[in-house]
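I opened this model to look up its helices, its ring pairs and its charged pairs. The notes below are in the order in which I made them.

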Amino acid sequence: MLIFNLRAVSYTMRSSLLPLLLLICSMSARGQDNHVKDLEQNIYRLNNEFKYDQSIAAIRDFLKATKSNDDRYYGFLFLSYTYRRLFDDAAALRYLDTALAYGMNSEHREYYINNIACQKAMVLFNLQKYEAADSIMKILAERNYKDLSDADQAKILVQEGYISFSNKNYRQAEAKYGAAMEGVKTSSPCDPALIY
C-alpha cells in the first residue's frame, strides 16, 4: 500500500510539473528585472490561452506605466511576440523596430541590437524572405551569435541549415542542423522536434 501511494504521489508531482517545464522550455533567459520577467510570463500564458486582446492590453498598460528605455524595449518586444502569434508579421516587424529604437538609448545597446536582429531574421524567414533573413543571419554568424540565448541561436542555425539545404549544400546543412541539435539539448529540451 505504501508503494502504491508513493507512486501516486510521484505521478501527481510529475504531471503537475509538466506545465511548468513547458513554460521554462519556451522562455529565454535575458537577465531581466523581476517585473519584466513577470510580464513575460503573463504574456506567454495569455498568448497560450489565445487571449491576445488581454495580452496586448497588459503590455500597453506596462508601457504606459514605465519610464525606462529598457522596459520599453521589452514591452515592444513582447508586442512583437504577440503579433507573431496572430500571424501579423508586418506589425511584429514594426514593434521590433520600435523596441530597437528604445534599446539604442540604453546601456545594453549591443545586446538589444543582436537580439532584435535575431527576431527579425526569424520573422523574415517565416515570410519566406530568405535572402533578407540570410543577410541578417550572416551578420549574426560573423558576431559568433553574441548575446543570443542558446535556444535562439539554435533556431537561427536551423534556418541557416534550411537555406544551405535549399542551395543544395547538403554537408553544410547537416552541420548546421547538428550544431542546432547540440544547442537545443542543453538549452531547450522542448525544441528537438523543430530540428527534426
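**Entry 1: ground rules.** I am working from a predicted model, where local features need pLDDT of at least 70 and side-chain atom pairs count only at pLDDT 80 or more, while totals for chains, interfaces and linings use all residues. Residues are numbered from 1 along each chain as its sequence is written, and side-chain values use heavy atoms, with hydrogens and water left out.

**Entry 2: helix α2.** I take helices as DSSP runs (H or I, at least four residues; strands are E, at least two), numbered from the N terminus. For the expected span of a helix I use 1.5 Å times one less than its number of residues. The 15 residues of α2 should span 21 Å at 1.5 Å a residue, and the end C-alpha atoms are 21 Å apart, which agrees. Just after α2, F50 has a positive phi of about 60 degrees.

**Entry 3: helix α4.** How many of the residues of α4 are buried? I find 12 of 17, so to call the helix mostly covered is in order. Among the buried ones are D71, Y73, G75, F76 and T82. The buried residues of α4 pack against α2 (34–48), α3, α5 and α6. After α4 comes F87, whose phi is positive, near 60 degrees.

**Entry 4: helix α5.** For the 15 residues of α5 (residues 89–103) I expect 21 Å at 1.5 Å a residue; the end C-alpha atoms are 20 Å apart, which agrees. D89, A91, A92, L93, Y95, L96, A99 and G103 are buried in α5. Their cover includes α3 (52–65), α4 (69–85) and α6 (109–126).

**Entry 5: ring pairs.** I pair rings of Phe, Tyr and Trp (its six-membered ring) if their centres lie within 6.5 Å, with planes under 30 degrees apart as stacked, over 60 as edge-to-face and the rest as tilted. The structure holds 14 aromatic pairs. F76 and Y102 have ring centres 5.6 Å apart and planes at 5 degrees, so this pair is stacked. The pair links distant parts of the chain, with F76 in α4 and Y102 in α5, 26 residues apart. F76 is buried at 13% relative accessibility, whereas Y102 is partly exposed at 25%. F125 and Y162 are edge-to-face, at 5.5 Å centre to centre and 85 degrees between the planes. Here F125 in α6 is linked to Y162 in α8, 37 residues apart. Ring pairs also join Y73, Y74, F78, Y81, Y111 and Y112 into a cluster.

**Entry 6: salt bridges.** I count a salt bridge when a side-chain nitrogen of Lys or Arg is within 4 Å of a carboxyl oxygen of Asp or Glu. There are 6 in the structure. E49 bridges to R45 with the closest N and O atoms 3.2 Å apart, and to K51 with the closest N and O atoms 3.2 Å apart. For K120 and D97 the closest N and O atoms are 2.3 Å apart. K120 lies in α6 and D97 in α5, so the pair ties together parts 23 residues apart in sequence. Shared partners put R45, E49 and K51 into one network of salt bridges.

Entry 7: E160 is in α8 (residues 150–166) and is buried, with a relative accessible area of 7%. N115, in α6, is buried at 8% relative accessibility. Leaving aside neighbours within four places in sequence, N115 is in contact with Y73, D147, L148 and D152.

Terms used
Buried means under 20% relative accessible area, exposed over 50%, partly exposed in between (1.4 Å probe, protein chains only). Contact means heavy atoms within 4.5 Å.
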